[in-house]
Amino acid sequence: MFLKTLSVVKIKNVLLVTVPDDPSDKMVYELQEQVLRSLEKHRSTGVILDISLVNVMDSFFARTIAETTQMVSLMSGMTVVAGMQPNVAITATELGLTLGTAFSALDVDQAFEILNKALS
Amino acid sequence: MNYSNSNYITVFEQWEDQKKFFCFTEKDAENLQKLHTISAQSCDEVVESLYDHLLQFEDVRIFLSNPEMIKRLKESQKQYFLEMTAGDYGEAYYEKRINIGITHKRLGIPPRLYMGAYSYYVQLMLPKIYNHVDFDQKQAQELFLTFFKIINLDQELAISAYVHAVESVVMQQAEEIIAMSTPIMQIWDGIVVAPVIGTLDGQRTQQFMEQLLNQIVETKSTIALIDITGVPQIDTATAQHLIDTINAVRLLGSNVIITGIRPIIAQTLVHLGINLKEIITKPSMGAGLKVALDMLSIKTS
Amino acid sequence: MLVDKLTAQGATGLSITSESDIVACRKVIRDLTTQLGFGMTDVTRIVTSVSELARNVYVHAKVGEMRWNSMRSPGKIGIEIIFEDKGPGIADINQALEPGFSTAKSMGMGLPGVKKLMDELEIVSVDGKGTLVKVKKWAKVK
C-alpha cells in the first residue's frame with residue numbers, strides 16, 4: 001500500500017507496471033518514458049498497467065494511458081489496464097474519460113489471461 | 001450526482017435569509033435583550049405554569065410520567081426560554097433549535113404538544129411586557145412584536161427540524177426499498193446478474209452503478225447481465241446513466257449484456273439517439289445467460 | 001494528516017506554484033472530504049475535480065491558490081473549493097464549458113467534466129487579469 005514510486009517488472013514477454021495510489025504528473029510522464037524504454041530493451045509484446053492502488057484518475061492521467069497504449073501499439077505491443085477501482089471507474093465515466101484502445105482487466109491475473117490469449 | 005437536498009433544513013447562509021424573511025432585524029435582537037430581565041425574573045414561574053398547564057392533558061401525562069424526566073425537561077425548558085432573549089441569534093442559536101426539534105422527534109413527542117407551549121409563552125409574556133414600569137404603551141407594543149417574531153422563528157425551526165427528521169425516515173425506507181429492488185448476484189463463476197425492477201431515476205441508478213461495480217470487482221466477474229424487463233419506462237437522463245454504467249463496467253474490464261429491452265424502451269432509446277451498437281443485447285435473461293456461458297467457454301448441454 | 005496540520009495552523013488555503021502542489025491539493029481535499037463524511041465515490045469525484053482545476057491553474061497561470069470551506073448542518077454536509085489565479089483568464093467561458101474544447105493538450109474534458117462531477121460550478125474570469133473557479137458539492141448524511 002505504501003508504494004511511492006513506479007515499479008516496472010519484466011515477466012517473460014510482459015511488462016508489469018504498478019502505479020502508486022496518488023501519482024504526480026511527473027510520475028505519469030515517467031510511466032510513459034519507462035514503459036517505452038523497457039519495451040524496446042526487452043522486446044516485450046505485452047504491457048500490464050496495474051492501477052489497482054490508484055484512487056484518482058483525471059483527464060491528464062487518462063490521456064497519458066491512452067497515448068501510451070497507442071505508442072506501445074506502434075511498437076507492436078498490446079496494453080491492458082488492470083484493477084481499476086469502482087469509484088475511479090464511475091468518476092472517469094462521468095468525466096467522459098476513455099482509455100483509448102487499451103484493454104481492461106479486473107486484475108493482473110485476468111490481464112495475463114487476456115495477453116496470453118491475444119499473443120499466442 | 002443529483003442529490004435532492006432537503007429544503008427543510010437550511011444552511012447557515014439561509015438561516016440569515018430566513019431571519020430577513022421573518023423581518024427579524026438587529027433592532028429586534030436589541031429589543032429582545034431588553035426583555036431579558038423580565039425573562040430571567042419570570043423564567044421559573046413561566047416554566048412551572050407551562051407544565052401545570054400541559055399536565056392537565058391526558059396525552060401529555062402519558063409522555064411525561066416520570067418525575068425525574070419532568071425535572072430535567074423543566075430545566076432545559078428554562079434554558080430554552082432564557083436563550084430567546086439572550087441576544088445571540090447566530091449559528092449556535094440555529095443549531096441548538098434544530099437539535100431540539102430533532103430530539104423531540106426522536107422521543108416521539110408530537111409537534112402539537114410543543115406548538116401549544118409557544119402559544120402559552122406568548123400568553124404569559126404579553127401582560128408582563130405591557131405592565132412593565134420601564135416601557136410606555138408604544139415601547140411595549142414594539143417589544144411584544146419582537147417577542148412574537150422570535151416565537152415565530154422558533155416555531156419554524158421546530159417544525160422544519162421535525163419535518164426533516166420525518167423525511168429522513170422516509171428517505172431511509174426509500175433507500176432500503178431501492179436496495180431491495182436491485183439485487184445483484186453471482187449466478188455462475190464469472191457472471192453477475194442484476195435484474196432492475198421499477199423506474200430508474202438519477203439517485204437509484206447511482207446506487208445501482210456503485211453496487212454493480214463493487215460486486216463485479218468482489219466476485220471478479222467478467223460478465224454482467226443487466227435485465228431491464230421490469231423497467232416500465234426510460235428517460236434521457238436514465239438512458240445516459242445506463243450508458244455510464246456500461247462504460248464504467250467496461251473500464252473495470254468486464255462486459256455487459258443487456259437483456260429484456262421492451263418495445264417502449266427500444267422506441268425511446270432510438271428516439272433519444274442513444275447508441276447501443278457496441279452493446280450485446282438479448283431478448284431474455286436466458287438468452288443472455290447462454291451468450292455469457294459461451295463467452296466463458298462453459299459448455300451447456 | 002496534511003489537512004490537520006494545516007487546520008492547526010489556521011490555514012484554509014494552499015498555494016499552487018509547482019506541479020507537486022497538484023498532489024498536495026488532492027491530498028488535502030481527500031482528507032477533508034473523508035473526515036466530513038462524504039461517501040467514497042463522492043470523495044473520488046471531488047478529488048478528481050480538484051486535480052483538474054489545480055492543474056488548470058498550474059498550466060495556464062503558473063501560480064495561484066486553492067481555498068476551501070466546509071459546511072455541516074444536521075443531515076447535510078458540503079464543501080466549497082475555490083481556485084484563484086492571476087493568469088491570462090478564459091476568453092470565452094461558455095466555449096470552455098463545451099465538451100471537447102481544450103486550449104492545452106488535454107482531452108478537453110476538464111471544465112465540462114468538473115461541472116458534471118460537482119453540484120455547482122461558478123467561473124469568473126477577466127481576460128488578461130485572472131480566473132476564479134468556485135465548485136461546491138453536497139451530500140446527505142445520517
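## Interface of chains A and C

In this predicted model, 19 residues of chain A are in contact with 23 residues of chain C, two residues being in contact if their C-beta atoms, placed from the backbone, lie within 7 Å. Helices α1 (25-42), α2 (59-74) and α3 of chain A each supply at least two residues of the side that touches chain C. The largest share of that side, six residues, comes from α3(A). By class, the side of chain A that touches chain C divides into seven nonpolar, six polar and six charged residues. Here Ala, Val, Leu, Ile, Met, Phe, Trp, Tyr, Cys and Pro count as nonpolar, Asp, Glu, Lys and Arg as charged, and the others, Gly among them, as polar.

Local features need pLDDT of at least 70 and side-chain atom pairs count only at pLDDT 80 or more, while totals for chains, interfaces and linings use all residues. Residues are numbered from 1 along each chain as its sequence is written, and chains are lettered from A and ligands numbered from 1 in the order in which they are written.

Axes are lines fitted to C-alpha atoms, for helices over the stretch in contact, and angles run from 0 to 180 degrees between N-to-C directions. The crossing of α3(A) and α3(C) is right-handed, the near helix being turned clockwise from the far one by less than a right angle.

α3(A) contributes A:Asn87, A:Val88, A:Ile90, A:Thr91 and A:Leu95 to the contact, and α3(C) contributes C:Met40, C:Thr41, C:Thr44, C:Arg45 and C:Thr48. These residues divide into four nonpolar, five polar and one charged.

## The sheet of chain A

Chain A holds an open sheet of five strands in the order β1-β2-β3-β4-β5, with mixed pairing. Two strands pair if DSSP finds at least two bridges between them. The edge strands β1 (7-11) and β5 (103-105) each pair on one side only. Neighbouring strands are turned by 25° against each other on average, direction ignored.

β1(A) and β2(A) pair in the antiparallel sense over five bridges, and A:Ser7 has A:Thr18 of β2(A) as its bridge partner. In their hairpin, with two residues between the strands, A:Lys12 takes a positive phi near 50°. β2 (residues 14-18) and β3 (residues 46-50) of chain A pair in the parallel sense, also over five bridges; here A:Thr18 is bridged to A:Asp50 of β3(A). Of the five residues of β1(A), the number buried is zero, so this strand lies largely in the open. Helix α4 (residues 108-119) lies across β2, β3, β4 (78-82) and β5 of chain A, running at about 160° to β4(A).

## Chain C and the site of Gly64

Chain C has five helices and five strands, running α-β-α-α-β-β-α-α-β-β from the N terminus. Helices (H or I, at least four residues) and strands (E, at least two) are DSSP runs, numbered from the N terminus. Buried residues make up 37% of its 142 residues; a residue is buried if 20 or more other C-beta atoms lie within 10 Å of its own, exposed if 12 or fewer, and partly exposed in between.

C:Gly64 is in strand β2 (residues 64-73) of chain C and is buried, with 24 other C-beta atoms within 10 Å. Leaving aside neighbours within four places in sequence, C:Gly64 is in contact with C:Ile16, C:Val57, C:Phe83, C:Glu84, C:Asp85 and C:Gly87.
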